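Here is a short briefing on one protein chain. Look over the sequence and the model, then read the points below.

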Amino acid sequence: MTQTSATSRGFTRPIRKTVATFACLVALASAPLPAFAGTLTGTYMLTPARLATGFSVRVLGGSPVTGEFKTVSGKMTLDQNHPEKSRVVVKVDLTSVHTNNDKVTGFLKSSAMFDVANYPVATFQSTRVQITGQNTADVEGVLNLRGQQKRTKLSVTITDGKANGQVGFEVSGGFFRSLYGMEAGLPIYADKVNLTISGTGSRT
């Protein structure tokens with residue numbers, strides 16, 4: 001959904017080189033990994049406890065609808081020597097959608113919107129990563145939602161990299177809900193759904 005930005009001072013060259021790999025992790029799919037001593041090879045987990053995933057939709061003449069997905073998880077397998085073999089998949093449990101209004105939450109779960117009874121899970125898998133700065137990258141990928149697969153793009157910022165196999169990050173992006181058959185409320189409620197994700201990925 002939207003764009004976020006962050007600056008970080010004192011990033012060492014090895015930390016900068018992890019951007020492509022991490023972008024792959026957050027965006028989900030195969031992409032070239034930086035040449036970095038082989039230490040990035042392995043399996044990384046994304047757990048709900050370490051992820052905060054929010055969304056917002058603009059409302060004509062009013063305050064935006066905001067909420068969160070409480071259960072987002074994923075797994076990435078990175079191969080430093082053979083980056084084409086790297087794979088990442090992130091899953092969003094749509095039944096975990098939550099807002100501060102029970103009626104709005106119920107509507108989002110209904111057949112008019114996410115239709116969680118038939119499509120309880122959404123996935124995103126990356127297909128291309130482009131480095132845009134010292135600690136930023138754009139990630140293109142495929143969002144599978146309500147049985148439809150559409151391309152979208154995320155922007156990733158590395159906020160912290162640690163030698164213990166943990167990486168902090170922020171992600172922003174979005175999608176147009178009408179492409180997935182969610183046209184209810186247009187144009188009062190905007191077509192664009194904005195996403196913001198922050199968290200930490202850990203190597204197992």
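Asp191 counts as partly exposed because its relative accessibility is 22%; the class lies between buried (under 20% relative accessible area) and exposed (over 50%), with a 1.4 Å probe and protein chains only. The model is predicted: local features need pLDDT of at least 70, side-chain atom pairs count only at pLDDT 80 or more, and totals for chains, interfaces and linings use all residues. Residues are numbered from 1 along each chain as its sequence is written, and side-chain values use heavy atoms, with hydrogens and water left out.

- Asp191 sits in the loop between strand S10 (166-176) and strand S11 (192-203). Helices (H or I, at least four residues) and strands (E, at least two) are DSSP runs, numbered from the N terminus.
- Phe176 is 15 residues from Asp191 in sequence, yet their C-alpha atoms are 5.3 Å apart.
- Leaving out residues up to four places away in sequence, Asp191 touches Phe175, Phe176, Arg177, Ser178 and Leu186. Contact means heavy atoms within 4.5 Å.
- With Ser178, the link is a side chain to side chain polar contact of 2.8 Å. A polar contact is a pair of N or O atoms within 3.5 Å; within protein, one must be able to donate a hydrogen and the other to accept it, and residues adjacent in sequence count only if both atoms are side-chain atoms.

**Whole chain**

- The chain holds two helices and 11 strands. From the N terminus, the order is α-β-β-β-β-β-β-α-β-β-β-β-β.
- Of its 204 residues, 43% are buried.
- Among contacts between residues at least 6 apart in sequence, 60% join residues at least 24 apart.
- The accessible surface is about 10300 Å², and carbon and sulfur atoms account for 51% of that. Areas come from the Shrake-Rupley method with a 1.4 Å probe; for residues, only the protein chains shown count as cover.

- S2 and S3 run antiparallel, joined by six bridges. Strands pair if DSSP finds at least two bridges between them.
- Ser56 faces Thr66 in S3.
- The S2-S3 hairpin has two residues between its strands, and Gly61 takes a positive phi near 75° there.
- S3 also runs antiparallel to S6 (residues 97-98), with two bridges. Here Glu68 stands opposite His98.
- Thr53 is part of S2. Thr53 counts as buried because its relative accessible area is 7%.
- Beyond four places in sequence, Thr53 touches Gly67, Glu68, Phe69, Val72, Thr196 and Ile197.

**Backbone exceptions**

- Most residues other than glycine have a negative phi, and most peptide bonds are trans.
- Asp115 is not a glycine but has a positive phi of about 55°. Asp115 lies in the loop between helix H2 (102-109) and strand S7 (121-131). At 10% relative accessibility, Asp115 is buried.
- Arg146 is not a glycine either, and its phi is positive at about 55°. The loop between strand S8 (136-145) and strand S9 (148-161) holds Arg146. At 16% relative accessibility, Arg146 is buried.
- Leu186 and Pro187 are joined by a cis peptide bond, with omega about 0°. Pro187 is in the loop between S10 and S11.

**Exposed loop residue**

- Leu60 lies in the loop between S2 (51-59) and S3 (62-69). Leu60 counts as exposed because its relative accessibility is 62%.
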